[in-house]
Amino acid sequence: MRVVIQDDYDKMSIWAANYIADKINAHKEDKAFVLGLPTGSSPIGVYRELIRKNKAGELSFANVVTFNMDEYVGLAKDHDQSYWYFMHDNFFDHLVDMKPENINILNGLAEDPEAECAKYEEKIVSYGGIDLFMGGIGVDGHLAFNEPFTPLTSRTGLRDLTTDTRIVNSRFFLGDMETVPKKALSVGIGTVMDSKEVLILISGHNKARALAATVEGGVSQKWTCSALQMHNGAIIACDEKACGELTVDTYKYFLDVEKKERI
Ligand code: GLP
């Protein structure tokens with residue numbers, strides 16, 4: 001696992017956006033580049049920079065297919081807190097050459113959620129798998145909506161959200177936890193682990209415990225993000241504030257080996 005520590009959120013975002021852009025630009029295969037994407041506050045800066053590069057002609061999305069991590073159950077696409085809405089509002093609508101037919105987001109209103117999820121897994125496979133999955137994590141270490149104690153081999157499926165997650169996410173629902181959906185559709189930890197590369201953004205003091213669990217704790221279903229220790233191409237891009245719970249030697253180790261990557 002690589003851990004790339006940047007000074008602050010903005011530098012972390014630029015670093016991650018550069019990494020993604022370099023991968024897309026270097027992709028020479030006939031098939032599309034398949035990119036997994038998250039919602040939340042963590043990726044906003046990355047999306048901003050990817051949009052800038054796209055508008056400046058430095059990066060094309062014409063040959064990119066995207067799969068989002070998750071979606072709330074029960075919210076229509078046009079609900080301003082659906083992840084479909086978030087992704088269009090914060091990213092897709094601003095790109096000059098993203099093809100709508102290349103955007104994949106789980107349907108939170110699907111009549112048969114399990115069938116919807118099975119179809120999603122099949123579609124990922126039909127594109128040859130995900131080349132790079134960008135993600136964020138929750139304060140309890142949940143990856144996509146794989147809450148603590150979700151099996152680390154899980155596939156895309158229906159998930160119950162914990163009270164903790166609903167309280168944290170209520171900041172987007174005018175602080176009213178009761179209006180936060182209780183269920184979501186989410187890719188599984190196994191789905192993320194099948195990606196060729198995984199790039200996780202971890203920023204801010206409130207993610208410090210989750211970062212330490214991801215990097216230093218044992219692999220445990222309690223912190224589903226810790227499964228990434230078993231991935232051959234996992235990168236954590238984080239900021240200084242998120243490093244508060246790392247041991248000094250871990251912190252120094254990654255600063256030492258990643259020195260050239262600091263911007
Ligand atoms: C939600 C999403 C996750 C996301 C997490 C962190 O629960 N389902 O995919 O990673 O929030 O969000 P933020 O980046 O806003 O801290």
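What volume does the largest cavity have? About 40 Å³.

**Before you click**

This is a predicted model, in which local features need pLDDT of at least 70 and side-chain atom pairs count only at pLDDT 80 or more, while totals for chains, interfaces and linings use all residues. Residues are numbered from 1 along each chain as its sequence is written, and side-chain values use heavy atoms, with hydrogens and water left out.

**Stop 1: the ligand**

Start at Ser-41: one of its polar side-chain atoms is 2.7 Å from a ligand oxygen. Move to Asn-169, where a polar side-chain atom lies 3.4 Å from an oxygen atom of the ligand. At Ile-137, pick the backbone: a polar atom there is 3.5 Å from a ligand oxygen. On its own, the ligand has 390 Å² of accessible area, and the protein covers 94% of this (Shrake-Rupley method, 1.4 Å probe).

**Stop 2: the largest pocket**

Hide the ligand. The space it takes is the largest pocket; a molecule sits in a pocket if more than half of its atoms lie within 2 Å of the grid points. A pocket is found on a 1 Å grid over the protein atoms alone, as an open set with protein on both sides within 12 Å along at least five of seven lines; lining residues have an atom within 4 Å of a point.

The largest pocket holds about 620 Å³ of space, a volume filled by probe spheres set on grid points joined across faces, edges and corners. Its lining has 33 residues; select Thr-39, Gly-40, Ser-41, Asn-169 and Arg-171 for those closest to the centre. Then highlight β4 (70-72), α3 (83-90) and α5 (163-169), the elements that give two or more residues to this lining. Elements are DSSP runs numbered from the N terminus: helices (H or I) of at least four residues, strands (E) of at least two. α5 gives the most, with four residues. By class, the lining has 13 nonpolar, 14 polar and six charged residues.

**Stop 3: the second largest pocket**

The volume here is about 340 Å³. Of its 18 lining residues, Asn-104, Ile-105, Leu-106, Asn-107 and Glu-116 are closest to the centre. α3, β5 (103-104) and α4 (113-126) each give two or more residues, and α4 has the largest share, four. The classes are nine nonpolar, four polar and five charged.

**Stop 4: the cavity**

A search of the whole structure finds one cavity of 30 Å³ or more. In a cavity, a 1.4 Å probe fits but cannot get out. Select Val-4, Ile-5, Gln-6, Phe-254, Leu-255, Glu-258, Lys-259, Glu-261 and Arg-262 to show the lining. β1 (2-6) and α8 (248-257) give two or more residues each, with the largest share, three, from β1. Four of the lining residues are nonpolar, one is polar and four are charged.

Note on methods:
A polar contact is a pair of N or O atoms within 3.5 Å; within protein, one must be able to donate a hydrogen and the other to accept it, and residues adjacent in sequence count only if both atoms are side-chain atoms. Ala, Val, Leu, Ile, Met, Phe, Trp, Tyr, Cys and Pro count as nonpolar, Asp, Glu, Lys and Arg as charged, and the others, Gly among them, as polar.
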